[in-house]
Amino acid sequence: MPTTEEIQRRVEEADAARGAKRSATAARVGDLAKRRAAVAEQLAGIDRELGDVIAESSDVIEIDELARFTDVPAADLTQWLNSRKTTRPKRKRATTGTSTAKSDVRQGVTTTDTSSTSQLPTSTERAPSQADALQASARVPAEVA
């Protein structure tokens, strides 16, 4: 029967070997993950470039024809084309409140109250928007000849 000290020494040896293996595994996984991230970033750049080239040449060659010439599936070409990020900024939606009223006033929209000149809407009023103008024009019956 081993002594208590011998049992502790055996456990420590087993733990040391296991700890070294765990540490080596973690280091290897970390290195591989970094390499993968770098390759994925390169691949994403190539995908964007492919999409840009396909989009720029769409007036001279169609995707089906390009697929036929390159032996690249049309589905892949279409995916690269559709996954491109747009270069123009997206428009923010107008929120109700003072920012909308200010932008409407800057655009020359005035309130229906003509008794006072260039009066800004109060917090309970709002300046008519383009949507209001469209709704109003939709309600006006068209003349039928």
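Reader: How many aromatic pairs does the structure hold?

Author: This is a predicted model. Aromatic rings count as a pair if their centres lie within 6.5 Å. The number of such pairs in the structure is zero.

Reader: Which ring does the charged end of R68 sit over?

Author: A charge sits over a ring if, among other things, the CZ atom of Arg is within 6 Å of the ring centre. For R68 the distance to the centre is 5.7 Å. The ring in question belongs to F69.

Reader: How many helices and how many strands are in the protein chain, and in what order do the elements run?

Author: The protein chain has five helices and zero strands. Read from the N terminus, the order of its elements is α-α-α-α-α.

Reader: What percentage of the residues in the protein chain is buried?

Author: A residue is buried if its relative accessible area is under 20%. The protein chain has 145 residues. The buried part of them is 10%.

Reader: What is the accessible surface of the protein chain, and what share of it belongs to carbon and sulfur atoms?

Author: The accessible surface comes to about 13,000 Å². The share that belongs to carbon and sulfur atoms is 55%.

Reader: Among contacts between residues at least 6 apart in sequence, what percentage joins residues at least 24 apart?

Author: A contact requires heavy atoms within 4.5 Å. Of the contacts in the protein chain between residues at least 6 apart, the part joining residues at least 24 apart is 34%.

Reader: What is the phi of D71, and where is D71 found?

Author: Most residues other than glycine have a negative phi. D71 is not a glycine, yet its phi is positive, at about 60 degrees. D71 is found in the loop between α2 (63-70) and α3 (74-82).

Reader: Is D71 buried or exposed?

Author: The cut-off for an exposed residue is over 50% relative accessible area. D71 has 69% relative accessibility, so D71 counts as exposed.

Reader: How many salt bridges does the structure hold?

Author: A salt bridge needs a side-chain nitrogen of Lys or Arg within 4 Å of a carboxyl oxygen of Asp or Glu. One of them joins R9 and E6, at 2.2 Å from N to O. The structure holds four.

Reader: How many residues apart are R9 and E6 in helix α1, and how far along the helix is that?

Author: R9 is partly exposed, at 37% relative accessible area, and E6 is partly exposed too, at 23%. R9 and E6 are three residues apart in helix α1, so the separation is about one helical turn.

Reader: With which residue does R10 form a salt bridge?

Author: R10 is partly exposed, with 47% relative accessible area. The closest N and O atoms are 3.3 Å apart, and the partner is E6.

How values were computed: Residues are numbered from 1 along each chain as its sequence is written. This is a predicted model: local features need pLDDT of at least 70, side-chain atom pairs count only at pLDDT 80 or more; totals for chains, interfaces and linings use all residues. Side-chain values use heavy atoms; hydrogens and water are left out. Rings of Phe, Tyr and Trp (its six-membered ring) pair if their centres lie within 6.5 Å; planes under 30 degrees apart count as stacked, over 60 as edge-to-face and the rest as tilted. A charge sits over a ring if NZ of Lys or CZ of Arg is within 6 Å of the ring centre and within 35 degrees of the ring normal. Helices (H or I, at least four residues) and strands (E, at least two) are DSSP runs, numbered from the N terminus. Buried means under 20% relative accessible area, exposed over 50%, partly exposed in between (1.4 Å probe, protein chains only). Accessible areas come from the Shrake-Rupley method with a 1.4 Å probe; for residues, only the protein chains shown count as cover.
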